[in-house]
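Work through these exercises with the structure open beside you. Try each task before reading its solution.

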Amino acid sequence: MLEKIKKIKENFLEEIKKTTQEKELVDLRVKYLGKKSEFNQLLKNLKNLSPEEKREIGPFANEVKKEIYTKIEAGITKIEDAENTEKEWIDVTAPGKKIRQGHLHPLSIVQRDIEDIFTTMGFEIADGPEVDSEYYNFDAINIPADHPARDMQDTFWISKEADRKKGEGIVLRTQTSNVQVQYMQKHKPPFRVIAPGRVFRSEATDASHEHTFHQFEALVVGDNVSVANFLYIAETFFSKFFGKKLKIRLRPSYFPFVEPGFEFDISCTNCGGKGCSTCSQTGWIEVGGAGMVHQNVFETAGYERGKYQGFAWGFGLERLAMMKYKINDIRLFHSGDVRFTKQF
Ligand code: DAH
């Protein structure tokens, strides 16, 4: 029997040398290890042998079986690997595919730029609720219910008529000025803070109006804060933001939460003040509102009347981004059109 097994092994080794195809190896596996194989038939007779013979032949037979098995498997793997290498052939001269990378939305870029500039000037960044009480959005900053200034802004009300009647309405904030009193109730002067964020107005949209947009509020309060401080900070900020020296111009205006109140312009970022189509030949571009914080607002925040002075200002973020990147329609920002956003 030992001889027969040896013979099987020799035959196998001869045959496997000649194989080149996977199929031949599979056939070989059937021939040498299959149920009906000569080898298997032989092994069935093992049980009829004497214990001594069993001890000698058993392990040898197992070894041969194992050898045949591993040789066949190795042969199959080798052939498959060779086939795969052929399939996975890489043309190293083919031009590469451009990888599309994610990036920030232009408004995020502008907001980060603004935050960077203000933080280097010692400002803190505050956050406020987008859904807020009419109290913080209006009453607390000196715009009571019967005040005509309430009608200056078209408000999205999200509470019941009854709550509105009681003065307990909830609104989508119409301005980042809603942060002012909430911040002052939690902080004691002196401080400098900016509050960027999303605001909402129930307005018809066109190239320069959106129902959802972003504002930027700045608030500086202390013992000796004056309009001169505002002018300096504003001039420094806008010059850094646009990367060129700009001037600030104030025009008297009215906002209930400041006294005196201004609208402020910057010298035209395009022509530098000579007059061009960007600034309608005036040399100036209107940017936002500002003023010295009304003492009524300080009082509402819990500060002693007359103890502090401060300035506040607010402007639209989209407007600034439009000026910087020469974008002519505010609706593009929320259009979700990647042809627009991928340009930044
Ligand atoms: N909240 C005003 C608006 O949305 C802008 C504004 C004007 C903010 C004057 C201020 C300010 O802080 O002092 O129209």
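**Exercise 1.** Is F344 buried, partly exposed or exposed?

Solution. This is a predicted model, in which local features need pLDDT of at least 70, side-chain atom pairs count only at pLDDT 80 or more, and totals for chains, interfaces and linings use all residues. Residues are numbered from 1 along each chain as its sequence is written, and side-chain values use heavy atoms, leaving out hydrogens and water.
- Recall the cut-offs: buried is under 20% relative accessible area, exposed is over 50%, and partly exposed is in between, with a 1.4 Å probe and protein chains only.
- F344 has 26% relative accessibility, so F344 counts as partly exposed.

**Exercise 2.** Classify the aromatic pair of F118 and F237.

Solution.
- Rings of Phe, Tyr and Trp (its six-membered ring) pair if their centres lie within 6.5 Å; planes under 30 degrees apart are stacked, over 60 edge-to-face, the rest tilted.
- The whole structure holds 28 aromatic pairs.
- F118 and F237 are 4.8 Å apart centre to centre, with 25° between the planes, and the pair is stacked.
- F118 belongs to helix 5 and F237 to helix 9, so the pair ties together parts 119 residues apart in sequence. Helices here are DSSP runs (H or I, at least four residues), strands likewise (E, at least two), numbered from the N terminus.
- F118 is buried, because its relative accessibility is 0%. F237 is buried too, because its relative accessibility is 0%.

**Exercise 3.** Which type of pair do Y325 and F344 form?

Solution.
- The ring centres of Y325 and F344 are 5.1 Å apart and the planes stand at 75°, so the pair is edge-to-face.
- Y325 is in helix 11 and F344 in the segment after helix 12 (338-341), 19 residues apart.
- Y325 has 29% relative accessibility, so Y325 counts as partly exposed.

**Exercise 4.** Find which charged end sits over the ring of F241.

Solution.
- The test is NZ of Lys or CZ of Arg within 6 Å of the ring centre and within 35 degrees of the ring normal.
- The charged end of K324 sits over the F241 ring, 4.2 Å from its centre.
- F241 also belongs to an aromatic cluster, whose members include F118, F237 and W313.
- Elsewhere, R164 lies over the face of W157, 4.0 Å from the ring centre.

**Exercise 5.** Describe how helix 11 packs.

Solution.
- Its buried residues are L317, E318, L320, A321, M322 and M323.
- These pack against helix 5, strand 5, helix 9, strand 7, strand 8 and strand 9, where contact means heavy atoms within 4.5 Å.
- K326 follows helix 11, with a positive phi near 55°.

**Exercise 6.** Which residues lie closest to the centre of the largest pocket?

Solution.
- On a 1 Å grid over the protein atoms alone, a cavity is a set of points where a 1.4 Å probe fits but cannot get out; a pocket is an open set with protein on both sides within 12 Å along at least five of seven lines; lining residues have an atom within 4 Å of a point.
- Grid points are joined across faces, edges and corners, and a volume is the space filled by probe spheres set on the points.
- The largest pocket has about 1,300 Å³.
- Among its 48 lining residues, E286, V287, G288, G316 and R319 are closest to the centre.
- Strand 8 gives the largest share of the lining, seven residues.
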